[in-house]
Amino acid sequence: MSLKLRNAIVRHISEPGGKIDKETNGYPPTREMNPIEYIANNSMIMALIMKYGGFMFKRITLFAVALLSFNVFATPTPAELFSTINLRLSYMEDVALYKAIHRKPIEDLEREAVVIEKASLSAEKEGLDKHSVLGFFKAQIAAAKAIQYRYRADLLSQPETGTPRDLKTVIRPELIKLGKQINTDIAHYLHDGGVFSANDLATFKATLNSKYLTDADKKALFDALTQIRLQ
């Protein structure tokens, strides 16, 4: 295998702010992406293969897949998982504004039951104990409603002039996607022997940056996270 190719790909993948970051708008490729598809769609890696690989394409591709498995598909750190949870909650002000404009109630128990059931099935497929994740999903919904209620209260004295992202076509699909990613990340972390401990609470609180969440809200969500177990 070409040493030049190996070094070139390593530099490409590991370089901060490099081609991968730019092509994915600052986010790493999804862990659900097929590595072969990722390589084929990444113009920089393909150019490196053509420049240094030549007839060794098959061997080079296998090497790249193995390399990506350690970089793209690596087990997330607690900080990365917390960031994804925060990102999901960041949509709640848009949800509240959309509901206010369309005169919809914040609490929808029927919808919540559907969300919890689908999230539980997703978690079970990832190898998580279905019953142990219920508290976490309920805590996420409680935090989401807390943000919405408090944001809606602010709207009484500070009307919002902007337009929220559409709940059905934009927000809800993104929430589903992020919910699945959270389940996957938790499962990977626990499968690799990771444990959420009290030492992570400070980082968790600092990462959840919505001004509408209290320390008590954050602790309740974190406590529920620590109860999740593998099957």
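Leaving out its neighbours within four places in sequence, Glu93 is in contact with Ile147, Tyr151 and Tyr212. Keep in mind that this is a predicted model we're looking at.

So where does Glu93 sit? It lies in helix α7.

Helix α7 runs over residues 92–101 and is mostly covered, with seven of its 10 residues buried. The buried ones are Met92, Asp94, Val95, Ala96, Leu97, Tyr98 and Lys99. What lies over them? The cover includes α6, which is residues 78–89, along with α9 and α10, the latter being residues 167–191. Just past the end of α7 you come to Arg103, which takes a positive phi of about 55 degrees.

Let's hop over to α10 for a moment. Asn183 lies in this helix. Its relative accessibility is 2%, so Asn183 counts as buried, the cut-off being under 20%. Who does Asn183 touch? Not counting residues up to four places away in sequence, its partners are Ala119, Ser122, Ala123, Glu126, Leu128 and Phe137.

Next up, a pair of helices. Two packed helices are described by the angle between their axes and the distance between the axes. Here we have α9, residues 130–157, and α12, residues 215–226; their axes come within 8 Å and cross at roughly 165 degrees. That makes α9 roughly antiparallel to α12, because angles over 145 degrees count that way. The crossing of these two, α9 and α12, is left-handed.

Which residues make this contact? On α9 they are Gly135, Phe136, Ala139, Gln140, Ala146 and Arg150, and on α12 they are Asp217, Ala220, Leu221, Ala224 and Leu225. Sorted by class, the contact between α9 and α12 has seven nonpolar residues, two polar and two charged.

Last thing: how confident is the predictor? The protein chain averages a pLDDT of 82, and 68% of the residues score at least 70. Over residues 17–32, though, the pLDDT is below 50, and this stretch has 25 contacts in the model beyond near neighbours in sequence.

Definitions and conventions. Residues are numbered from 1 along each chain as its sequence is written. This is a predicted model: local features need pLDDT of at least 70, side-chain atom pairs count only at pLDDT 80 or more; totals for chains, interfaces and linings use all residues. Side-chain values use heavy atoms; hydrogens and water are left out. pLDDT is the predictor's confidence in each residue, from 0 to 100. Contact means heavy atoms within 4.5 Å. Axes are lines fitted to C-alpha atoms, for helices over the stretch in contact, and angles run from 0 to 180 degrees between N-to-C directions. Helices (H or I, at least four residues) and strands (E, at least two) are DSSP runs, numbered from the N terminus. Angles under 35 degrees count as roughly parallel, over 145 as roughly antiparallel, 65 to 115 as roughly perpendicular and the rest as oblique. A crossing is left-handed if the near helix is turned anticlockwise from the far one by less than a right angle, and right-handed if clockwise. Ala, Val, Leu, Ile, Met, Phe, Trp, Tyr, Cys and Pro count as nonpolar, Asp, Glu, Lys and Arg as charged, and the others, Gly among them, as polar. Buried means under 20% relative accessible area, exposed over 50%, partly exposed in between (1.4 Å probe, protein chains only).
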